Amino acid sequence: MTDRGVKLSWQKVLRVLEHYSDRDVAIQFMQKVIHNNPNDVDTYIVMNYLLMNLLVEEDHDESRHDYYEVLIKNYFDESYAKFSDNPKYLFFTGITTYMSEWYFGIECNEAQAMLAKTVELDPKNLLYQWGYHVYSNMSD
């Protein structure tokens, strides 16, 4: 998609779609982005969040609930298989899954384990340390 000859990033296109379109259009767009960029960690992080947010926070067509639930599980499984050693993926996905672990097919302790692994992989990252400590203390 271009705007006056300037190529827009997929992130900018997604923001426009989320603002002006229904969520199904945004999901279809992200499916194409992932298809064209299967090794881009950011695309999966965004798709996992987009689907979780739709299911947990937004009004959506209940007749499509099961479809969204299958999508989120599939994209999580696919992305986790690819990026389970990527601290950025583990951090953002760990927090996302913690908010609705049942949709991802995991338990809270598995989301916490993702955040713990993030700190193991990048122990000097203050954001990762913060996330780990905040979310691991939530279960106390």
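Me: Which residues of α5 meet Leu127, Tyr128, Trp130, Gly131 and Tyr135 in α8?
Reply: This is a predicted model. Helix α5 covers residues 87-99, and helix α8 covers residues 126-137. On the α8 side the contact holds Leu127, Tyr128, Trp130, Gly131 and Tyr135. Their partners in α5 are Pro87, Lys88, Phe91, Ile95 and Tyr98.

Me: How do the residues of the contact of α5 with α8 divide into nonpolar, polar and charged?
Reply: The contact includes Phe91 and Ile95 from α5, and Leu127 and Trp130 from α8. Sorted by class, its residues come out as eight nonpolar, one polar and one charged.

Me: Are α5 and α8 roughly parallel or roughly antiparallel to each other?
Reply: Their axes lie 11 Å apart, at an angle of about 25°. Angles under 35 degrees count as roughly parallel. The crossing is left-handed. The two helices are therefore roughly parallel.

Me: And α5 with α7, roughly parallel or roughly antiparallel?
Reply: Here the packing angle is about 155°, and the axes are 8 Å apart. An angle over 145 degrees counts as roughly antiparallel. The crossing of α5 past α7 is left-handed. So α5 and α7 are roughly antiparallel.

Me: Which residues of α7 does α5 meet?
Reply: From α5 come Pro87, Leu90, Phe91, Thr93, Gly94, Ile95, Thr97 and Tyr98. By class, this contact has 10 nonpolar, five polar and one charged residues. The α7 side is Cys108, Ala111, Gln112, Met114, Leu115, Lys117, Thr118 and Leu121.

Me: Where is Asn125, and is Asn125 buried or partly exposed?
Reply: Asn125 sits in the loop between α7 and α8. Its relative accessible area is 22%. Buried would need a value under 20%. Asn125 is therefore partly exposed.

Me: How far apart in space are Asn125 and Pro87?
Reply: Pro87 belongs to α5 and takes part in the contact with α8. Along the sequence, Asn125 and Pro87 are 38 residues apart. In space, C-alpha to C-alpha, the separation is 9.8 Å.

Me: Is Ser136 buried or exposed?
Reply: Ser136 lies in helix α8. Its relative accessibility is 18%. The cut-off for buried is under 20%. So Ser136 counts as buried.

Me: How far apart in space are Ser136 and Tyr67?
Reply: Tyr67 is one of the α4 residues in contact with α2. In sequence, Ser136 and Tyr67 are 69 residues apart. From C-alpha to C-alpha, the distance is 31 Å.

Me: Are α2 and α4 roughly parallel or roughly antiparallel to each other?
Reply: The two helices pack with axes 13 Å apart, at an angle of about 25°. That is under 35 degrees, so α2 and α4 are roughly parallel.

Me: Which residues of α4 make the contact with α2?
Reply: The crossing of α2 past α4 is left-handed. On the α2 side stand Asp24, Ile27, Gln31 and Ile34. By class, the contact has six nonpolar, one polar and two charged residues. The α4 residues are Tyr67, Tyr68, Leu71, Tyr75 and Glu78.

Me: Which element gives the largest share of the largest nonpolar core?
Reply: This core has 39 residues. Elements giving two or more residues include α1 (10-20), α2 (23-36), α3 (41-57) and α4 (65-83). The largest share is nine residues, and the element giving it is α3.

Me: Which residues have the most contacts inside the largest nonpolar core?
Reply: Met47 is one of them. Leaving aside neighbours within four places in sequence, Met47 touches Ile27, Met30, Gln31, Ile34 and Tyr75.

Me: Is Ser9 buried or partly exposed?
Reply: Ser9 is in the loop between β2 (6-7) and α1. The C-alpha atoms of Ser9 and Lys32 are 13 Å apart. The relative accessibility of Ser9 is 28%, so Ser9 counts as partly exposed.

Technical notes: Residues numbered from 1 in each chain as written. Predicted model: local features only at pLDDT ≥ 70, side-chain atom pairs only at ≥ 80, totals over all residues. Heavy atoms only, no water. Axes fitted to C-alpha atoms, helices over the stretch in contact; angles between N-to-C directions. Helix = DSSP H or I, 4+ residues; strand = E, 2+ residues; numbered from the N terminus. Parallel < 35°, antiparallel > 145°, perpendicular 65-115°, else oblique. Left-handed = near helix turned anticlockwise from the far one by under 90°. Contact = heavy atoms within 4.5 Å. Nonpolar A, V, L, I, M, F, W, Y, C, P; charged D, E, K, R; others polar. Core = buried A, V, L, I, M, F, W, Y, C linked by side-chain atoms within 4.5 Å. Buried < 20%, exposed > 50% of the residue type's maximum accessible area, 1.4 Å probe, protein only.
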